[in-house]
Amino acid sequence: MKRRIRLIVCMTAFAMVMTTAGAFACTGMYVGRDVSKEGTTLIARSEDQGSGAYNKMFKVQKRITKSGRYYKDTGTGFKVKLPKTTYKFTYVPDSSDAEDGQYPASCTNEYGVAVVGTVSTEVSEEYEKADPVKDTGKGLREAILPGLVACQVKSAKQGAQLLARLHDKYGAEEWNTILLSDKKEAWIFENYGGHTYCAMKLPTDKVAVFGNQIMIGTVDPGDKSNYIFSKNLFSTIDKVGAVKEDGKYNLAKSIAGFREEYSNMRTWEGHRVLAPSDAGDYDNDKFYPLLYSPDEKVSVTQIMKLFRDRYEGTKYDMSDAANATRRPIGTTRSSDVHIIQTYAKLPTDACQVQWLLMGNAEHSVFVPSFSGITDTAAEYKVDGSAASTGSAYWMFKRNATLAQSDRKFLSKGTKDFWSRQEAKENELVKKQLKTVTAKYKKSKTAGRAYVTSVGKAAAKKQLNNSTVLYRALEYAATYNDNDRGSDKGKVTFTRPVSLKTYAQSKGFKVTVKGNRYTLKKGKDTFVLKNKAKSVYKNGEYTDDLIYPVYKVGKTVYAPAGFTGYLK
């Protein structure tokens with residue numbers, strides 16, 4: 001959550017959404033390696049804002065050895081002293097002119113530690129009085145936490161322990177949840193107030209999907225192997241009236257005290273999608289468990305799809321105008337979504353693949369990069385809030401904005417285009433795993449150079465694809481823009497494909513002469529022209545394409561299925 005709205009975070013969730021800029025946002029997810037199709041640990045989060053326009057960047061902070069440094073929260077002036085040496089880490093910061101701090105969001109470091117955060121939460125009024133958060137500028141905020149941890153720990157557990165020490169020493173200004181992982185294990189850290197918290201080791205055979213709510217349930221205060229508790233946690237809970245089950249404290253029920261639809265429905269949706277056999281109908285008052293077994297093993301592409309979820313197939317489907325005020329996982333207000341996938345067998349320096357999506361997930365694309373990178377594409381580093389055609393965030397976001405302006409006609413083709421790109425990237429990552437290991441065996445320098453090059457290549461490819469998509473989508477959206485008061489005359493957008501490659505796959509012989517493209521199959525000859533949408537068959541006009549043929553770089557594009565016009 002953002003600093004400027006913290007003081008009203010105990011209002012009802014719906015009121016918060018309607019009246020604040022960045023309150024009560026984000027959805028967290030976890031997949032244990034034993035229930036992952038790829039055998040990898042996944043920690044993930046959507047970073048959701050109060051508006052649809054919010055530039056984020058993707059950078060690498062180098063390793064530094066220098067005494068006397070501090071990690072400063074530029075939004076409040078609060079600072080934390082750093083050790084002499086801090087480690088290389090990747091991060092996803094706000095644009096600097098947002099003026100509320102760095103918000104590094106998603107980090108991976110050179111020791112194979114990943115940190116994502118935070119998911120904003122809330123506590124009951126009674127609990128807040130028992131453990132009040134710190135005043136502005138006097139404590140920790142999510143604006144620095146992921147980067148502050150990533151720069152100085154060598155394991156996920158060390159990260160949880162560091163968070164505990166930091167909260168003991170400085171206290172916190174807000175309530176939130178952080179996920180951490182490494183090659184061996186994963187942890188969740190929940191902060192409940194100024195100085196109370198609980199960290200829990202996550203089991204490898206469970207999954208979790210959760211909205212903006214405290215999720216750790218029944219705990220054993222004596223279990224020091226799987227939990228880290230603040231010293232005053234249970235005494236504070238006792239003050240407000242502990243809820244116990246089988247003699248053990250239930251943290252969520254004791255500290256939060258209630259559930260509300262804004263967050264709880266997203267938590268239920270995770271159960272419904274990943275474990276439908278046990279999800280049941282939505283119950284607004286139910287404390288859904290944080291961890292559960294999925295019905296089937298879960299792939300990284302399924303998690304990508306889940307971040308796009310808008311309750312399709314349920315009575316809460318966001319396509320129904322009656323559900324317009326509901327909060328889906330796939331909100332249009334995401335500034336970025338990050339999935340960090342940990343491969344235990346990869347070299348530690350590059351054991352994670354971060355799938356980073358700029359904008360909101362529904363109509364954008366997840367782009368992979370290995371954690372060992374030393375640099376990112378220039379388009380990821382464009383600062384400032386203003387729209388920019390050179391910024392990765394804006395290049396991806398503009399397509400989402402167009403697709404969402406008319407979902408009935410523009411959405412499916414956009415989704416089809418990106419889903420195919422994600423499938424290709426996923427297969428490419430799998431093929432690159434052996435090469436990554438081989439390069440690192442040669443040297444860390446060679447390994448880092450390789451993963452940096454493939455990361456930039458993936459970004460360049462999908463940024464180019466963003467332009468390809470935009471050229472077609474802009475035309476279709478503009479064509480459909482009318483004041484008839486009906487859908488009459490509108491076209492259904494279809495994904496762009498390479499004219500030559502697609503035509504050849506359908507048995508056409510393609511010849512090119514200037515801007516003229518001749519497609520021949522059997523007795524029929526068809527002619528199309530660059531920048532035009534008319535189709536000629538055997539010398540006579542036969543039909544129009546949905547949008548004109550166009551060229552990006554050296555490739556000519558046309559609507560998918562355009563051979564249907566050639567029959």
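The largest cavity has a volume of about 80 Å³, where a cavity is a set of points on a 1 Å grid over the protein atoms alone at which a 1.4 Å probe fits but cannot get out, and where the volume is the space filled by probe spheres set on points joined across faces, edges and corners. The model is predicted, with local features requiring pLDDT of at least 70 and side-chain atom pairs counting only at pLDDT 80 or more, while totals for chains, interfaces and linings use all residues. Residues are numbered from 1 along each chain as its sequence is written, and side-chain values use heavy atoms, with hydrogens and water left out.

Six cavities of 30 Å³ or more are counted. The largest is lined by 14 residues (an atom within 4 Å of a point), of which Phe 58, Pro 368, Ser 369, Tyr 380 and Gly 455 are the closest to its centre. At least two lining residues come from each of β20 (352-358), β21 (366-370) and α12 (444-480), helices (H or I, at least four residues) and strands (E, at least two) being DSSP runs numbered from the N terminus.

Conventions:
1 Å grid on protein atoms, 1.4 Å probe; cavity = no way out; pocket = protein on both sides within 12 Å on 5 of 7 lines; lining within 4 Å.
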